[in-house]
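This report concerns the packing of a pair of helices and the setting of that pair in the chain. The sequence and the structure follow.

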Amino acid sequence: MSLHTRNFSIIAHIDHGKSTLADRILELTQALPAREMKAQVLDAMDLERERGITIKAHAVTVGHRARDGETYKLNIIDTPGHVDFSYEVSRALKACEGVLLLVDASQGVEAQTLANFYLARENRLSIIPVINKIDLSLADVDHTKEQIEQVLGVDASEAILVSAKEGTNVGDVLEAIVRRIPAPRGRPQAPLKALVFDSWFNAFRGVVALVRVVNGELRVGSEIVLMSNGRRFRVEELGIFTPKPRVEERLGPGDVGYMMAGVKDVADMRVGDTITELRNQNARPLQGFREPKPMVFAGFYPIRTKDHGALHDALHKLRLNDSAFTFAPDKSDALGLGFRCGFLGLLHMEIVQERLEREFDLDLITTAPNVSYRVTLTNKEVVEVNVPSQMPERGRIERIEEPILEAAVFTPAEHVGPILDLLEKRRGVQKRFEYIASDRVHIVYDIPLSEVVMDFYDKLKSASRGYASLDYRVVDMRAAKLVKLDILVNDIPVDALSMVVPRERAYEKGKALVKKLKSYLPRQLFEVPLQAAIGRDVIARETVKAMRKNVIAKCYGGDVTRKRKLLEKQREGKKRMKTVGSVQIPQEAFLAILEV
């Protein structure tokens, strides 16, 4: 048992000050020289620094001399706050014995505060409530304590009041960590058991794994076995982050650090795997993680066809660093060869796309996001459909089921009306409505995931002037009246523009799409019909008029039949051209439609 080690995570709603508190702890423990300190030290990715959010969980080891005179080793794991990255939080918590639950004194308990609290309680961790931003003029500490007790059921009398920005009372947080979080259990002489809770790819060293040693010792040179696949490797390097990498000869029980073992294939080192030693294998693996299930799907296609191989390699490397992201080869008649990718949410999709474009220098077209449907056919066969163009014909479908979310919204009472209106319009069904304080409301609705993936979060922020917060989780698959909407250009369906929509909204959606497409499609020498159709039934149509050459300009007199002959000949030519001509849809037209 490592009596002087403490492993803890900082959890909170987005923008409640997790990374700032981590900065102050690093400053107080003198982990970095003053000249190297900067805001958000642990947020290493450019995207994290630009957006001011944490995307990846980060681990760092610091030393702290407590008031009892003993020196403690603190392993801090800073976690993301956005709902799309909750899988990162769940992984980080597996490496901890306790958490700092951070609550903003001006905003109180928010949606992700509650979700992360339940994750910590599920993992049976010690929870230390910390009230941050007490320096703000809007801070209401008593009201925040009341919310912590009423909503979370946690005794707030020992909550630590801090200002991470000013550094106020951060020393008390360190003392509480030492006093209230238990030391990790584990015996150095026991067979090796270490949990892989994160990993990434290094172009020179191969796969780098972030591990938490539970039992035994991990040493440089020892032969290890990955329990999920039986693959064997020799440990080449071990170390910890302080936050700079520091090489170590061994990692013992309770230690959190990195490991390099010459793993070249990104698929070999799975997050959630258990590492054991070849000569003294442990029969039972540690409890891993629930496999994250992608909820939102979109196609990634390279703008330049020659970049297809580079995109394939980039996706493989990114997949190692992000186990919740999936991909499979895909082909579109309109966009060529690409990949169908699965994500946990829209922000997750946006981050993956930006990383591909920045880190791997790729130019991509992304199709409209859609969700996964479960389709029961008339012969009782059940199929999963991730791509609208693969939806079976109407006559073969008995039932379509869509994923349903339980969405929890926290909002000031004055914005309840517009938010309820938005939830009802998005086919939501109310489950719970309660005042958690005189001016604060907790609303819970069941709502189809397809209604959330496009612009729901933006609309929610508009309806509440930015004050509402949202958390959600998938709870069910339910039958709904859905249809596949096809867009036909010159009577040919464009697979990349197909979508699944509620039957009652099909006309409205189809009309908007063909209207938008008409404004972007260049005119041809023949008339081009644009149609929105459900099966064989056309429900909306626009027409791109043909460019017309004035064939009778040279007829300055004479018999009218000559002019008629020329016009008839032109008409026949256009009819023939329409049957053999093909319409190329420009990329800007695709991008404009995907915005709709």
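Which residues in helix 1 meet which residues in helix 6? From helix 1, L21, R24, I25 and L28 meet V170, G171 and L174 in helix 6, where contact means heavy atoms within 4.5 Å. By class, this contact has five nonpolar, one polar and one charged residues; Leu, Ile and Val count as nonpolar, Arg as charged and Gly as polar.

The model is predicted: local features need pLDDT of at least 70, side-chain atom pairs count only at pLDDT 80 or more, and totals for chains, interfaces and linings use all residues. Residues are numbered from 1 along each chain as its sequence is written, and side-chain values use heavy atoms, with hydrogens and water left out.

Helices (H or I, at least four residues) and strands (E, at least two) are DSSP runs, numbered from the N terminus. The geometry of the pair is tabulated below.

| Item | Value |
|---|---|
| Helix 1 | residues 18–28 |
| Helix 6 | residues 170–180 |
| Packing angle | about 85° |
| Distance between axes | 10 Å |

Axes are lines fitted to C-alpha atoms over the stretch in contact, and angles run from 0 to 180 degrees between N-to-C directions. Helix 1 and helix 6 are therefore roughly perpendicular to each other (65 to 115 degrees).

Helix 1 is mostly covered, with eight of its eleven residues buried (under 20% relative accessible area, 1.4 Å probe, protein chains only). Among them are L21, R24 and I25. Q30, which follows helix 1, has a positive phi near 55°.

Across the chain there are 13 helices and 32 strands, and buried residues make up 54% of the 596 residues.

Definitions and conventions: Angles under 35 degrees count as roughly parallel, over 145 as roughly antiparallel, 65 to 115 as roughly perpendicular and the rest as oblique. Buried means under 20% relative accessible area, exposed over 50%, partly exposed in between (1.4 Å probe, protein chains only).
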